[in-house]
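Dear colleague,

Please find the structure below, handed over for your use. A short account of the findings comes after it.

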Amino acid sequence: MVTRIVFIVCFCITTHIFAASLVVNDYEINGINGDLKNNVALYLKQLEGEKANRALLNHAKKQVERSLRALGYYKPAVKLNFDHGSQKLIATIERGPVTRISNVNITINGAGRTDRLLASTIESIKIKQGDILNHSDYDTARKTLEAQLLELGYFDMKWQAHKLAISLKSNSADVVLTIDTGERYQFGDLIITKNTPAEKYIRSLAKFSQGGSYKATKVADYNLALSSTPYFTSVRVYADIANRANNQVPINVDVLHKPANSYEIGGGFNTDFGPKVRFKWSKPWITDDGHFLESNLNLSAKQQDISFSYTVPVDDPNDDLWRFSAGYKLEDEVTEDIYSRILTGQLQRQWLTEDDWVRTVFLRRDHETYRIGDEQQQNSKMFMPGISYAKKETKGGTTPYWGEQWLVSAEFALEDVLSTTNIARVQFQTAWLRTYLNKHLVYLRANVGAMLVDDINNVPLSLRFFAGGDQSVRGFSYQSISPEDEEGRLIGAKYLLSSTVEYNYQFAQNWRVALFVDSGTATNDFSDRVEVGAGFGFRYLTPVGPIRIDHAWGLTKESKSTRLSITIGPEI
C-alpha cells in the first residue's frame, strides 16, 4: 500500500515537471515568406513561454489564419505541430488563392463633395482596383478621411457606410466608404480666457479671422507663434468644438505669463575654454506695449562676454520689432598670442518678408582693442550698417528630427565715416537636418565668408575670418586655422570656407552615437590647405535639447592630440 502511494506521488510530480517543461521556446514558419511570414511571426512570437497543449495549438492556428486574412489570404491550409525535443512550434502553411480589390467606391456627400483639399486626400488613398487586399490599408483609408475632415472643420461628419465586402467564391473584395461631411465650419470668436496685457499681440499673431474657413494647422501654427513670444511660460490654443454654433467654432486661448524676472543657468566644457558658465536674465514685460529686456553672461577662464538687449515690438513681438543692444567681450589667449577686447552697440529693425525670411537692417558701432603676439596694441573704431536675411524651419521641438537653416548677411564701413578702414564683408551659412527610418539622422553644415579690403592688417581682429573649434572644424583649437605672418603668428583671413558632414544613429530611447567629418580653411589667397577634422560623439536627448559630447582629431595637423567638447542644444 505504501509502495503504491509513493509510486502515485512520484508519477504526479514527474508528470507535473514534464508538463511544466513543455513550453514554447521558439517557432518556425515554412511555406511562406516576405510580409506574410513577418505577419505570422508577430502572432507566434507572442506564444513564447506558453505551455504547449492542444488548446494553445488551436488558438495559435486561429491566430495564424487571422494574420493571413489581414493580408488578403482567406483560404490558407495551416498545420501546427510542437516538436518536444526542440520545444519549437512549427507552422507549415499553404497560403492559397489571394483576394484582390474588385471595386473601390468612395462617395462624399454634403458640403465637402466640392472641396478640392478633400478630393486630393481621396486621390492619395492607397487602395486601388486590382490591388491585393490589405486590411491595414483599408483601416488607414478610413482614418485618413476622418482626420482630414476634422482638419478642415467638418465636425458634423457621419459615416453612412463603411464596409469591406469579401467574396470567398470569387476571391474578391469591394471597398465601400460613404460619408456625409455636413457643413464646413468657420473660425468663430477668438476668446482669451484670462485678462492679460498681451491681448494686442495675442490677437495680432492670429493668421485667421472670424468667418474664414476652419483649418486645424492654422490653430497649431498660432499656438507655436504665441509660444515663441517672450511673454508666456505656457500657451494652449484650441477649437472649442463642443460649443460650436451657427456654423462657427470659437477659438480659445489660455496663457500663463512668465514671472516679472526669469533666470536661466547653463554651462559646458571644451578643450579650448575649459569649463563654461552661462547666465541669462530676462524681464518679459516692461511696458504696456510689450517692451522686454534680456541679458546674457558667458564666463570661462579665457573668454568672457556680457550683452544687454531692449526690444520694442511693432506688431509681431517675434518678427516685427526694434531692438537696441550693447555688449562687451574679452578674449585673452584663447588662441595663442592673441588678445582682444571689444565694446559694441547696435540698433536693429527686424521684420518678416512675404516669403517668411527674417530681414534685419542694422547699424553697429564697435570699439576694439587687440594685440597679436608681441606687436604693439592696436585700437579700431568701426561704424557698420548692414542687412541680413535668416530663415529657420524645424520639426521636433527641442530635439528636431527635420530642419533647415539659412543666413545671408552683408555689412560695410567707410574710413571717411567714423571707421578705421574701408571694408565690405559678406557671409553665408546654411544647415540641413534629416532623419530616416526613425533612427538615422544626417546633419550637414556649410559656412562661406568673404571681405573686400585692401590690407587685412587694417581690419579689426573680430572682423577677420578664422576657422577651428567646436562650432567649426572640430579637432582643431578655437580659431587656430588661419594664415600666418612671417613670425608664425595667426593673423586672420579675408575668406572662409568650412563644412560638416555628421551621421547620428539612435541606439536607445535617449541616446545617439555620432560620427562626423569637418573641413575648412581661412585664407587670403586660397593657397592655404583645407584642414580636416573627424571624430565621434554621443548625444543624450533631454527635454531642453540634446547634450552633445564630441571627441575629435585634426587629421591634417602634425600633432595627434584630440579635443573634447560638451555643448547643450539642438544642431539647428
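Predicted model: local features only at pLDDT ≥ 70, side-chain atom pairs only at ≥ 80, totals over all residues.

Residues are numbered from 1 along each chain as its sequence is written, and side-chain values use heavy atoms, with hydrogens and water left out.

Strands around S6

Helices (H or I, at least four residues) and strands (E, at least two) are DSSP runs, numbered from the N terminus. Of the 9 residues in strand S6 (residues 172-180), 7 are buried, that is, under 20% relative accessible area, with exposed meaning over 50% and partly exposed in between (1.4 Å probe, protein chains only). Two strands count as paired if DSSP finds at least two bridges between them. Strand S4 (residues 100-109) pairs with S6 in the parallel sense over 9 bridges, and Asn105 has Val176 as its bridge partner in S6. Strand S5 (residues 158-167) pairs with S6 in the antiparallel sense, over 9 bridges; here Ile166 has Ala173 as its partner in S6. S5 and S6 form a hairpin with 4 residues between them, and Asn171 in the turn has a positive phi of about 50°.

Helix H3

The buried residues of helix H3 are Leu56, Ala60, Gln63, Val64, Ser67 and Leu68. Seen down the helix axis, they fall within an arc of 135° and so line one face of H3; the arc is that of the directions from the axis to the C-beta atoms. The face turned away from this buried side carries the exposed residues Arg54, Ala55 and Lys62. The buried residues pack against helix H2 (34-45), strand S2 (77-83) and strand S3 (88-94), where contact means heavy atoms within 4.5 Å.

The sheet S7-S9-S8

An open sheet of 3 strands has the order S7-S9-S8, with mixed pairing. Its edge strands, each pairing on one side only, are S7 (186-192) and S8 (232-239). S8 and strand S9 (residues 248-257) run antiparallel and are joined by 7 bridges, with Arg236 opposite Asp254 in S9. Helix H7 (residues 216-227) lies across S7, S8 and S9 and runs at about 165° to S8. For such angles, axes are lines fitted to C-alpha atoms, for helices over the stretch in contact, and values run from 0 to 180 degrees between N-to-C directions.

Yours sincerely
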